Amino acid sequence: MRQFFCLFLCVFVSTSGPLLSQSAANQHPAKPIPGTPKKVETQAIAQLVLNKGLGDMDMGLYPGSLLMHGMSELAVLQKDPQVLNRALALFGDFKSKKINGRGSFISYKAGGSGAAYLDYLRKTEQLSEQVLSHADKMFQEQKRSSEGILTASWAKDSLDQIFIDIAFAVTPYLLYSGLRYEKPAYVDAAVFETLELFKILEDPNGLIHQARGFTGLNIISEDNWSRGNGWGAFALATLVRDLPDSHPRKKEVNALAKRFFEALLKFQNQEGLWHQEMTDPSSYVETSGSGLLLYAIGIAIEKNVLDRSNLPKFIKGLSGYLAYIDPDGSVSHACMGCLNPGKGTKQDYAKRMWQFNDPHSFGPVVLAFTQAAKLGVKKVKPLHPMGHYVQNPNAPRTYLRYLPEANQNIAWENDRIAFRVYGPPVKDRVSSGIDVWTKSVSYPIIDKWHKLNAEGKAYHEDHGEGCDFFHVGFGRGNGGTAIWYKDKPYISTPYATHRILKNTPEEIAFELIFDPWEVEGFKVSERKVISMTMGSNFFKVVSTFDTDYPEPLTVGIGISYVKNPEVVTDQQKGLLNIWESYLPQNGELGTSILAKPADVEGFKAHQNEQFMLLKARAGKPLTYYVGAGWSKSPQFKTRQDWLKYVETEASNLKF
């Protein structure tokens with residue numbers, strides 16, 4: 001179906017609807033996949049994503065003006081007036097206030113730089129009053145920094161705040177309105193805005209930082225953020241293309257552009273794209289910045305600021321980009337809104353989450369593929385099938401997430417259930433127990449719940465998808481390990497190091513290393529590998545212990561409870577099960593451990609925990625399974641439902 005659709009795209013697309021979506025692995029192969037589809041038309045891709053964005057977005061938000069600028073460029077390219085007429089109608093809605101243009105800059109109220117661009121090219125007379133009045137107002141009333149840079153209306157004067165994003169809002173709008181209405185002061189301000197921002201924010205590596213003044217006066221963020229560099233590239237490219245050669249600073253513009261775009265190309269990855277933190281290839285590929293950079297590099301090639309020998313690098317980027325664009329026009333892996341996150345470190349930017357169909361995702365695609373068509377690149381052969389890396393957040397999948405922003409916790413889930421272990425920073429409050437996150441939906445919730453929790457919507461309350469009501473603390477939670485010695489458990493602190501082994505839609509796997517902990521005269525350390533697949537409420541654990549104790553070990557796998565649980569133990573089946581009520585608010589919960597019967601020594605209770613005791617030897621892997629089932633999930637309603645499922649699973653598991 002995908003290959004057929006990709007071939008279909010070679011015919012011009014004027015409308016689109018949902019056709020097919022696919023989740024994909026986070027691990028990106030560097031070489032093309034056998035059976036890669038044939039070439040697709042660049043204009044068709046631009047049109048497809050434009051239609052998707054127009055259907056999905058609130059056009060009044062500033063990312064809408066980015067999409068509108070892409071739409072304006074596509075309208076100029078096409079002979080058919082359909083896109084132009086639609087763009088003019090939308091810009092008319094800004095004038096009539098049917099669309100409420102909003103954001104930090106006055107230009108957004110007019111619909112942004114796309115309106116000024118069409119007006120500059122005299123594609124219509126209907127935009128004249130709208131464009132000029134907002135240009136006048138922005139030039140006269142927009143807040144300015146100490147250097148005279150037009151900055152956000154909310155920027156703090158005491159910190160002299162600026163950020164590279166403002167080049168996108170100011171430079172093209174004042175450039176085109178200044179040229180159209182013969183206002184040289186506007187043109188000069190457009191040039192000054194971008195050149196001064198680059199002067200302040202340029203990194204010695206040739207890239208730029210995003211912001212100044214958000215962690216203190218004159219303190220510049222440490223990042224080389226993909227979309228931040230994209231905003232600067234966009235503004236600079238418009239000057240390269242449309243600032244007249246007669247302008248006294250045009251040579252300066254071209255010199256900066258050449259230096260900057262050559263620096264950008266040094267950080268292009270094997271698929272022709274750029275990572276969220278551009279200097280950190282372990283951070284995710286970020287598509288909105290990549291699209292803006294490709295658009296700008298394409299203009300630099302068109303205007304001979306970059307040598308045409310760079311065209312293959314531009315085309316490679318387009319080929320790689322297609323893997324993040326779904327056949328229905330959806331776009332994956334665009335960073336959510338981002339301005340000097342945390343302390344503005346590279347790590348703070350790298351951990352900023354991407355979103356599926358983020359409002360910033362659509363415009364860069366339209367711009368990049370429209371610019372390709374302008375360069376004569378009519379068709380592109382995808383490096384991978386379209387949508388290969390698209391991850392629809394509503395598509396059921398296994399998912400694993402290391403959460404440095406949340407105490408280095410690690411969470412994992414599938415279509416039925418989710419779990420979590422705690423990170424080293426909270427070892428004074430918790431230990432090595434395993435938390436349960438109940439789910440009543442099949443799609444991933446980890447990222448969503450963390451985002452909502454940060455916004456004040458706690459994941460400890462069920463908002464219709466499940467919640468975290470299971471208490472762990474210093475207990476074993478659901479399946480945490482302990483060394484059982486002299487009739488009591490000895491537990492470790494949270495994991496010391498971790499390693500992600502697999503994170504695909506079908507399976508996750510990761511490794512945890514626990515530092516040695518004291519057990520009455522001897523020490524024990526643990527290496528734990530956890531894995532989980534789709535369609536099961538259980539995850540697999542392979543624990544390997546190292547110790548200076550000369551005798552075999554007894555390992556306790558524990559389950560915590562609150563009060564009055566129903567406990568089932570069966571040594572012959574290798575089963576420990578607890579069923580506990582959290583009614584009325586949170587239903588009932590089943591928690592289970594399954595092990596090879598020959599490894600089971602017995603069962604013990606300790607405080608508010610039940611333990612399955614397993615035989616273990618130093619250096620010899622020990623395999624067992626841990627699971628949970630919730631009465632508010634679609635799969636289980638009663639204790640009997642859960643026990644029947646557990647017994648069925650036990651007969652199918654491999655140890």
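A pocket here is an open set of grid points, over the protein atoms alone, with protein on both sides within 12 Å along at least five of seven lines. The views below show a predicted model.

**Figure 1. The second largest pocket and its lining.** In this predicted model, the second largest pocket has a volume of about 510 Å³. Its lining is made up of 19 residues, and those closest to the pocket centre are Trp 354, Phe 356, Pro 393, Asp 447 and Lys 448. Two elements, β5 (354-355) and α15 (446-454), each give two or more residues to the lining. Helix α15 supplies the largest share, 5 residues. Sorted by class, the lining of the second largest pocket has 10 nonpolar, 4 polar and 5 charged residues.

**Figure 2. Packing of helix α2 against helix α14.** Helix α2 (residues 42-56) and helix α14 (residues 362-374) have axes that come within 8 Å and cross at roughly 160°. Angles over 145 degrees count as roughly antiparallel, and α2 and α14 are therefore roughly antiparallel to each other. The crossing in which α2 passes α14 is left-handed. On the α2 side, the contact is formed by Thr 42, Gln 43, Ile 45, Ala 46, Val 49, Leu 50, Lys 52, Gly 53 and Asp 56. On the α14 side, these residues meet Phe 362, Val 365, Val 366, Phe 369, Thr 370, Ala 372 and Ala 373. By class, the contact of α2 with α14 has 10 nonpolar, 4 polar and 2 charged residues.

**Figure 3. Packing of helix α2 against helix α3.** The axes of α2 and helix α3 (residues 62-77) come within 11 Å and cross at roughly 140°. This angle makes α2 oblique to α3. The two helices cross in a left-handed sense. From α2, the contact takes in Gln 43, Ala 46, Gln 47, Leu 50, Gly 53 and Leu 54, and from α3 it takes in Leu 67, Met 71, Leu 74 and Leu 77. The contact of α2 with α3 has 7 nonpolar and 3 polar residues, with no charged residues.

**Figure 4. Packing of helix α11 against helix α12.** Helix α11 (residues 287-302) packs with helix α12 (residues 311-321) at an angle of about 150°, and their axes are 10 Å apart. That angle makes α11 roughly antiparallel to α12. The crossing of α11 and α12 is left-handed. Thr 287, Gly 291, Leu 294, Gly 298 and Ile 301 of α11 are in contact with Leu 311, Phe 314, Gly 317, Leu 318 and Tyr 321 of α12. By class, 6 nonpolar and 4 polar residues make up the contact of α11 with α12, and no charged residues take part.

Methods. Residues are numbered from 1 along each chain as its sequence is written. This is a predicted model: local features need pLDDT of at least 70, side-chain atom pairs count only at pLDDT 80 or more; totals for chains, interfaces and linings use all residues. Side-chain values use heavy atoms; hydrogens and water are left out. Axes are lines fitted to C-alpha atoms, for helices over the stretch in contact, and angles run from 0 to 180 degrees between N-to-C directions. Helices (H or I, at least four residues) and strands (E, at least two) are DSSP runs, numbered from the N terminus. Angles under 35 degrees count as roughly parallel, over 145 as roughly antiparallel, 65 to 115 as roughly perpendicular and the rest as oblique. A crossing is left-handed if the near helix is turned anticlockwise from the far one by less than a right angle, and right-handed if clockwise. Contact means heavy atoms within 4.5 Å. Ala, Val, Leu, Ile, Met, Phe, Trp, Tyr, Cys and Pro count as nonpolar, Asp, Glu, Lys and Arg as charged, and the others, Gly among them, as polar. On a 1 Å grid over the protein atoms alone, a cavity is a set of points where a 1.4 Å probe fits but cannot get out, and a pocket is an open set with protein on both sides within 12 Å along at least five of seven lines; lining residues have an atom within 4 Å of a point. Grid points are joined across faces, edges and corners, and a volume is the space filled by probe spheres set on the points.
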